[in-house]
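Hi,

Here is the structure I promised to pass on. Have a look at it first, and then read my notes below.

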Amino acid sequence: MNCKTINEKIRMIDYLAQKDIYPINSKQNIFWFLSPFRNEKTASFKVDISTNRFYDFGEGFGGTLIDLISKLENISVKEIIQKFNENSFSFQKQNDFQFEKVQTKNEYEILELKEISSFPLIQYLEERKLPLEIVKHYCKEIHYKLNDKKYYAIAFPNNENGFEIRNKYVKMCLIKKDISLINHNQNQLKIFESWSDFISYLFLFPTNEFESDFLILNSIALLRKNIELINKYESIQAYFDHDDAGKSATNFLETELKTKVKNFLRLFVSITC
């Protein structure tokens, strides 16, 4: 494959979805995202699916899929083409594009936050093999109203007072997407992609709960934005998924922070499989 073929054959929204970056709204051929290059509250990153090009109004630049990959993953055009030809990138086309929406404050109302007790949520945790007692320590049961309908789910808080919302049918974020930092005033940091991975780790290694700080990204796209925070730690352990996004994130950390970083992907995968 060459640059022209990649830009013509691979949809930009499919690439972004593979990296857990989803639009918050769309109109006809235009999809709007919170920029993957910085923290923001108002979407300023536009993708036109008719031309397969993006424009970031906050940064003042745009371009093709090749341009986006090069900036987002900090690799050269030559490396991108090589990865595509080696099938290091894999994309699943979204025929009916369903995105994880960030619900803004004027779209919902939080009715109640309480200890997890609803049977369907407990059953959901059992199906995912997530121990209830550990989940209760870090998550709440949230009841909220959305479009005049009432719902409930498991809520994991982030640093912007937002919530990662999960149940058997829903995966979304309320208020704002952000990291979750669990601070125990330690010099060692363990990084996870999702709160469920974090909970699984605590189940496997309960004696390690207070021996380090924990960073839950809630989206792999938030890794680069928080590199300065991560770099403050003397030792960093990464527990990412065994996929292209996880490998790319690990490579980025090792490139940026050198010997500070230890990759525990293989260990974690072998234990949890």
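So, to start with the helices: are α3 and α4 roughly parallel or roughly perpendicular to each other? Keep in mind that this is a predicted model. Helix α3 covers residues 65–73 and helix α4 covers residues 77–85, and the two pack at an angle of about 105°. Angles of 65 to 115 degrees count as roughly perpendicular, and therefore that is what α3 and α4 are to each other. Their axes are 9 Å apart.

If you want to see who touches whom there, click on Ile66, Ile69 and Ser70 on the α3 side; they meet Val77, Ile80 and Phe84 from α4. By type, the residues of this contact split into 5 nonpolar and 1 polar, with no charged ones.

Next, the sheet. There is an open sheet of 5 strands, in the order β1-β2-β3-β4-β5, and the pairing is antiparallel. At the edges sit β1 (25–27) and β5 (61–63), each of which pairs on one side only. From one strand to the next, the twist averages 15°. Helix α3 comes back here too: α3 lies across β3, β4 (53–56) and β5, and runs at about 125° to β5.

A few details inside that sheet:

- β2 (residues 30–33) and β3 (residues 45–48) pair in the antiparallel sense over 4 bridges.
- Phe33 has Phe45 in β3 as its bridge partner, while Ile30 is partnered with Asp48 in β3.
- β3 also pairs with β4, again antiparallel and over 4 bridges.
- The hairpin of β3 and β4 has 4 residues between the strands, and in it Asn52 takes a positive phi near 60°.

Last, one residue I'd like you to look at: Tyr144, in strand β8 (residues 140–146). Is Tyr144 buried or exposed? The relative accessible area of Tyr144 is 1%, and the cut-off for buried is under 20%, so Tyr144 counts as buried. Leaving aside neighbours within four places in sequence, Tyr144 is in contact with a list of residues that includes Glu109, Ile110 and Leu111, then Lys149, Lys150, Tyr151, Tyr152 and Ala153, and also Ile165, Val170, Met172 and Leu174. As for Leu113, it is 31 residues from Tyr144 in sequence, but 8.9 Å away in space, C-alpha to C-alpha.

Cheers

Technical notes:
Residues are numbered from 1 along each chain as its sequence is written. This is a predicted model: local features need pLDDT of at least 70, side-chain atom pairs count only at pLDDT 80 or more; totals for chains, interfaces and linings use all residues. Side-chain values use heavy atoms; hydrogens and water are left out. Buried means under 20% relative accessible area, exposed over 50%, partly exposed in between (1.4 Å probe, protein chains only). Contact means heavy atoms within 4.5 Å. Axes are lines fitted to C-alpha atoms, for helices over the stretch in contact, and angles run from 0 to 180 degrees between N-to-C directions. Angles under 35 degrees count as roughly parallel, over 145 as roughly antiparallel, 65 to 115 as roughly perpendicular and the rest as oblique. Ala, Val, Leu, Ile, Met, Phe, Trp, Tyr, Cys and Pro count as nonpolar, Asp, Glu, Lys and Arg as charged, and the others, Gly among them, as polar. Two strands pair if DSSP finds at least two bridges between them.
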